[in-house]
Amino acid sequence: RNIDGKAWTKVNPNCGSTSFVVPDLITGQEYFFRVRAENRFGVGPPAETIQRTTARDPIHPPDPPIKLRIGLVTKNTVSLTWKPPKNDGGAPVTHYNVECLRWDRTGEVKESWKQCNRRDVEETKFTVEDLVEGGEYEFRVKAVNIAGPSRPSATVGPLVVKDQTCPPSIELKEFMEVEEGTDVKIVAKIKGVPFPTLTWLKAPPKKPDDKSPVVYDQHVNKIVDENTCTLLIQQSRRNDTGLYTITAVNDFGTASKEMRLNVLGRPGPPVGPIKFESILADKMTISWLPPLDDGGSKITNYVIEKKEANRKTWVPVTNEPKECIFTVPKLMEGHEYVFRIMAQNKYGIGEPLDSEPETARNLFTVPGPCDKPTVSSITRDSMTVNWEEPEHDGGSPITGYWLERKETTGKRWTRVNRDPIKPMALGVSYKVTGLIEGSEYQFRVSAINAAGVGPPSMPSDPALARDPIAPPGPPVPKVTDWTKSSVDLEWTPPVKDGGSRVTGYIVEFKEEGKEEWERVEIRGTKFVVTGLKEGCFYKFRVRAVNAAGIGEPGEVTDIIEMKDRIVAPDINLDASVRDRIVVHAGGVIRIIAYVSGKPPPTVSWTRDEQALPEEAKIEETAISSSLVIRNCKRSHQGLYTLLAKNDGGERKKTIIVDVLDVPGPVGMPLLTENLTNDSCKLSWFAPEDDGGSPITNYIIEKRESDHRAWTPVTYTVTRQNATIQGLIQGKAYFFRIAAENIIGMGPFTETTKEILIRDPITVPDRPEDLEVKAVTKNSVTLTWNPPKYNGGSDITMYVLESRLIGKDKFHKVTKEKMLD
């Protein structure tokens, strides 16, 4: 029961031991407990606890404080800071005790640890006072809860107590950007002993050298604590933007740091006045200058509003302009308007700039007529029309042109362009497409300004829609061959045919030193010029011809001397032939080579720099030489060489020919080993000739000596030995082996002698446990046990040997067989 109640509450239905954990108690509540014993006759009287018990977790002293640090040191004080312990021991830390230990100059302890605080230290910092100047001290801290003090923290020191001095230093971020209306804290970390005097200065963003002291009021305030100086700006404004400088000064030096603050907000008003670039009866074009203050953010657009001068309500016009000019549409002629413009960035819309009142009215007339246009670049379906701007623009800049056309046989003018054609700096041109080939057209043009469309120009001269025709461009000729009296020419057609199909060519040639060209008219792109003089030099050129006439000539760059041409031999293998040929035995070796050269070269074939095999046949034509070997064999493989020679030199071509066949016979000797009464082991050498392809496996067959039929043993042996299983004890066998590659199986190699299958027999192990049993003056009695292994056969006898001490050689004692 709790101490406030009188009723007892049963905790458990039964308990067989003399201890029990009472659950579901209320933390902090005090309780009494009682226990009764029970047997089969009933429940006995209770035994009660005398003292009340409080329900709470066990409490113990806290862990030591952590991160003990030394702060300011003077000639008789030391400032300490620390962090609370990680574990408070189950109860809050109520206070801390600070202890110190003094050392003497010899490095020995002068005093024991003593408590430095006279009252409880509730914060995690403390200044130890009344220290001896020049004394050397260590410090530590203990945390205390209701269970008592903790173990001491890690010590700091030893430290000599004396005044510390150092020049000022400042840590300050270089840039800060905030939105207008935000509270700004510019925090500078200050170091220096003694603590320095601090001053804040401010300079405008565009005049960093124009610094002045910061004025402190309800908007701006300076807060200084132990090691920081904070400049607090409440509800920041755009004019708080600037370069802030803090200066720290003490007796040992000066330090300064700068920080640029950018307060972002709405932009200022645009710069006026608003100018009226053009005024019409239904629209006005206005312009302005960007605001001096963009709010610290890029201007995204401008908001334009309008109102009639005699009204108070502003009407939105647009918020789209990004440039400082806009044409306000849909005005009413004769009405007086006022406009206002506001800049906008991502932080909002700035203050407006208002214009002077202005009346919507026309100040000019339509433009005058243009001069008669001209036509150029005529094709079968298009023409380009050209014209100049009119002499009179009506007092307003020309904004575009309407272009019209008509066939000379018709009377109706049709507008060519859907949108006005924009004016150009030097005249205007426009390509008209969709014309009908063979039709004749005229064109006229009208200028447009803000007042409207002017009168049309005079019609252009008639122009016929057809492709222009010009002589073709030059062909590209070259000399492909020559002799002492002829030249072979060949050329490609001209890139440009002049707008008309090329109908033929004119080949021209002349002897060097002469002026007159001889010509021949042909239709193809090849021609052989004959009847030339041996030993003379000639020039050649070709012209193309179309309906417009003869085009420019294309000349052969070289001057050709009339003599027989010598061309060194050249050899090109047929597409079916490569530098390496692989043929199966029994197939056909066919090497086709095309040989060229002037004069025609002589051709010879060799194999491995020797004469060709007898089976080789040479087949020759005017342009080729072919080597053919039918039903080829392994012996036909090798390096085949074709040599071509003439007066211009010689040329070689080599082809490797591999002939693949089945392997040769496996190598002898064929070794055998008897292993058991049902198996034997065979060993052999790989064949000398693998058939040009790696051996893939060996095939083994067997037959009994009194049979003629061979029986396969295995087809998957890849090594040069195999153990043959499943043999019959006492039987004699012959074996044969053949190698196999991807082409097929080679010939068999047979064992020359029959192999009898039986257990192998070896000499027995030595007898064991040899002992001397009896000795007389002329005899010795010996006993022993048989060997553990009899060598695969029954023991037939024992041999007894002896030797005299000092002698090396044993002598046989018995001449008869001994079995026991």
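Author: Two strands pair if DSSP finds at least two bridges between them, a strand being a DSSP run of E of at least two residues, numbered from the N terminus. This is a predicted model, in which local features need pLDDT of at least 70 and side-chain atom pairs count only at pLDDT 80 or more, while totals for chains, interfaces and linings use all residues. Residues are numbered from 1 along each chain as its sequence is written, and side-chain values use heavy atoms, without hydrogens and water.

The sheet is open and has three strands in the order β24-β25-β28, with antiparallel pairing. Its edges are β24 (271-279) and β28 (325-328), each of which pairs on one side only. From one strand to the next the twist averages 25°, taken between N-to-C directions of lines fitted to C-alpha atoms, on a scale from 0 to 180 degrees. Strand β25, residues 284-289, runs antiparallel to β28 and is joined to β28 by four bridges. Within that pairing, Thr 285 has Thr 327 of β28 as its bridge partner.

As for disulfides (cysteine sulfur pairs within 2.5 Å), the search of the whole structure finds zero. Cys 166 cannot form one because its sulfur lies 17 Å from the closest cysteine sulfur, that of Cys 229, too far for a bond. Cys 166 is partly exposed at 29% relative accessibility, and Cys 15 is also partly exposed, at 37%; buried is under 20%, exposed over 50% and partly exposed in between, with a 1.4 Å probe and protein chains only.
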